[in-house]
2 protein chains.
Amino acid sequence: MTENHISSLQNPIVKQILHLRDRRERDKSKLFLIEGYREILRAFDAGWTFDTLLICSQLFLGSNEDALIQKIASCGTKVITTVDKVFHKISYRDRPDGLLAIAPQRTLTLNDLENPAKESILPFYIVAEAIEKPGNLGTILRSSDAVGVDGLIVCDRCTDIYNPNVVRASVGTLFTVPTVEAQGEETLLWLKERGIAILAATPQAKHEFTQVDLVRPLAIAVGTEQLGLSERWMQQADLQVRIPMKGVADSLNVAMATTLLLYEVLRQRR
Amino acid sequence: MTENHISSLQNPIVKQILHLRDRRERDKSKLFLIEGYREILRAFDAGWTFDTLLICSQLFLGSNEDALIQKIASCGTKVITTVDKVFHKISYRDRPDGLLAIAPQRTLTLNDLENPAKESILPFYIVAEAIEKPGNLGTILRSSDAVGVDGLIVCDRCTDIYNPNVVRASVGTLFTVPTVEAQGEETLLWLKERGIAILAATPQAKHEFTQVDLVRPLAIAVGTEQLGLSERWMQQADLQVRIPMKGVADSLNVAMATTLLLYEVLRQRR
């Protein structure tokens, strides 16, 4: 019989969850953690499945948790209750809300990003090259969801998309924005073959980002926090634009710059 | 004789620095910490003074550190060398770069934000109400610097502007953007008396943020991560705008939303 309640910090599932905070364990097991009502709801609604759902009803913040748990359980997911002490141990948050799932990762490829049924006739992608901070990647996902991109391509990853801080900062949009991890070379080729223009932001560009026609098949490429986009991508860019900087700092936070470019595309395509 | 080298973790200055990570100690002593070459350089260039500068030359990343240290020392700041072990203890970073200063806080008031000599005839402020996360406040400062606002007004503060994570996320723009902490009521009054329009973003607004005329004396008001702008500010807003949300999430990260609004003002005022 399987165990449906955990009261001990020594339980193997507690240990498994703590290990899943490390990328090595996530890479090996192809599992990851989803914490929080909103995040788990968004994953479920987007068709993701869960191996195990851990709950602690004393910590629930709302009144809809039971309905969600029932729906998830009816799909065959094992639901385990925990005591408060155990949930605080497995939680990644300051104020846990009593829901945490272990879920299988999904592995999409570039070709999964093509959607011929889609209404839009102008493909719209974002390429994030070697972003280091999970919070930035999560925030980029959140903005990508908001403007309705066709996909996020993470090239030459530094942080993996299943890092708990990516899931958290994305507030669950990781589950709705099609996200692919790919090598830089294959991504460049894939975009070029499809006639998708690559847009890069650089202080050296002649035109500001609001002055360039973005109503075309487009991939916005952004690079690391420290160094920006690599030379390889910069050279392959079909469009270079500048974000005005009127102060002492020479650049914006990468997620800010990305959000500005994403919304400029939206503004021009209205 | 004053001590100019620290090799022990038990040194009182080490303890003082660790205490300054806590708001209570910062509020009491009116001191704060500035870490990093770039941040200290920006503070110095903007005319800030330091009580003490701690350095660890083994950790320097560039070749300009000595010149900066000499300039700072020539203003009467005490310079203390430390061993690697001590610097790692006092540093707030994963990869410290060997420079950390203790500096007096500055307290500006709303009236310090007025600058009659300024070329701009259109005042441009940002009001950040009750922002909780230091990283968000720092990033808002970074974007505020980039668009050249006349000042940031932090109302009913939750995080204080001298939190080490604000300094870090602002990459030193805290020292160039005039920043004031004030009560909500007095700020509202101050803005209204000067005929400065208050702009608020809300999903209920009729017009998108790119469709409203922002070429006027303006204060952008943004609220907490969880709840947005308070009812008080929303009711007093002269302009309400909507940021389009085409995905599953109902809001952007507060720093993203702020950056979009700031740059839309810049675009319209070009």
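Predicted model: local features only at pLDDT ≥ 70, side-chain atom pairs only at ≥ 80, totals over all residues.
Colleague: Let's switch to chain B. How many residues of S7(B) are buried?
Modeller: Five of its five; S7(B) is residues 151-155.

Colleague: Which way do they point from S7(B)?
Modeller: Gly151(B), Ile153(B) and Cys155(B) point one way, Leu152(B) and Val154(B) the other.

Colleague: How does S6 of chain B run against S7(B), parallel or antiparallel?
Modeller: Parallel, with five bridges joining S6 (residues 124-129) of chain B to S7(B). Within that pair, Ala128(B) is opposite Val154(B).

Colleague: Back to chain A. What is the strand order in the five-stranded open sheet?
Modeller: S1-S4-S3-S5-S2, with mixed pairing. S1 (5-6) and S2 of chain A are the edge strands, each pairing on one side only.

Colleague: What about S5(A), how many of its residues are buried?
Modeller: Five of six, so to speak a mostly covered strand, at residues 99-104.

Colleague: How does S2 of chain A pair with S5(A)?
Modeller: In the antiparallel sense, over five bridges, with S2 at residues 31-35. Glu35(A) has Leu100(A) as its bridge partner. Ile34(A) is opposite Ala101(A).

Colleague: And S3 of chain A with S5(A)?
Modeller: Antiparallel as well, over four bridges; S3 is residues 52-55. Here Ile55(A) faces Leu99(A) of S5(A).

Colleague: What does the domain assignment give for chain A?
Modeller: Domain 1 is 5-104 and domain 2 is 110-269. Their centres, taken over C-alpha atoms, are separated by 30 Å.

Colleague: How many residues does each domain put into the contact?
Modeller: Domain 1 of chain A gives 13 and domain 2 of chain A gives nine. On the domain 1 side, helix H2 (23-29), S2 and helix H3 (37-45) of chain A each give two or more residues. H3(A) has the largest share, four residues.

Colleague: What is that domain 1 side by class?
Modeller: Seven nonpolar, no polar and six charged residues.

Colleague: Now the two chains. What rotation superposes chain A on chain B?
Modeller: A rotation of 180°, with 0.0 Å of shift along its axis and an RMSD of 0.0 Å. That is the relation of a two-fold axis.

Colleague: Why do you say the copies meet through the same surface?
Modeller: Because 100% of the interface residues of chain A are also interface residues in chain B.

Colleague: How many residues does the contact take from each chain?
Modeller: 27 residues from chain A and 27 residues from chain B. Helix H6 (134-147) and helix H10 (254-269) of chain A each supply at least two residues of the chain A side. H10(A) has the largest share, seven residues.

Colleague: And how does the chain A side divide by class?
Modeller: Into 13 nonpolar, nine polar and five charged residues.

Colleague: One last residue. Where is Val14(A) found?
Modeller: In helix H1 (residues 12-19) of chain A. Val14(A) counts as partly exposed because it has 18 C-beta neighbours inside 10 Å; buried would need 20 or more.

Colleague: What is Val14(A) in contact with, leaving aside its neighbours within four places in sequence?
Modeller: Ile6(A), Leu9(A), Val86(A), Lys89(A) and Ile90(A).

Colleague: How far apart are Val14(A) and Phe87(A)?
Modeller: 73 residues in sequence, and 8.9 Å in space, C-alpha to C-alpha.

Conventions
Residues numbered from 1 in each chain as written. Chains lettered and ligands numbered in written order. Buried ≥ 20, exposed ≤ 12 C-beta atoms within 10 Å, placed from the backbone. Pairing = 2+ DSSP bridges. Least-squares fit on C-alpha atoms with pLDDT ≥ 70 in both. Contact = placed C-beta atoms within 7 Å. Nonpolar A, V, L, I, M, F, W, Y, C, P; charged D, E, K, R; others polar. Domains from an automatic or database assignment.
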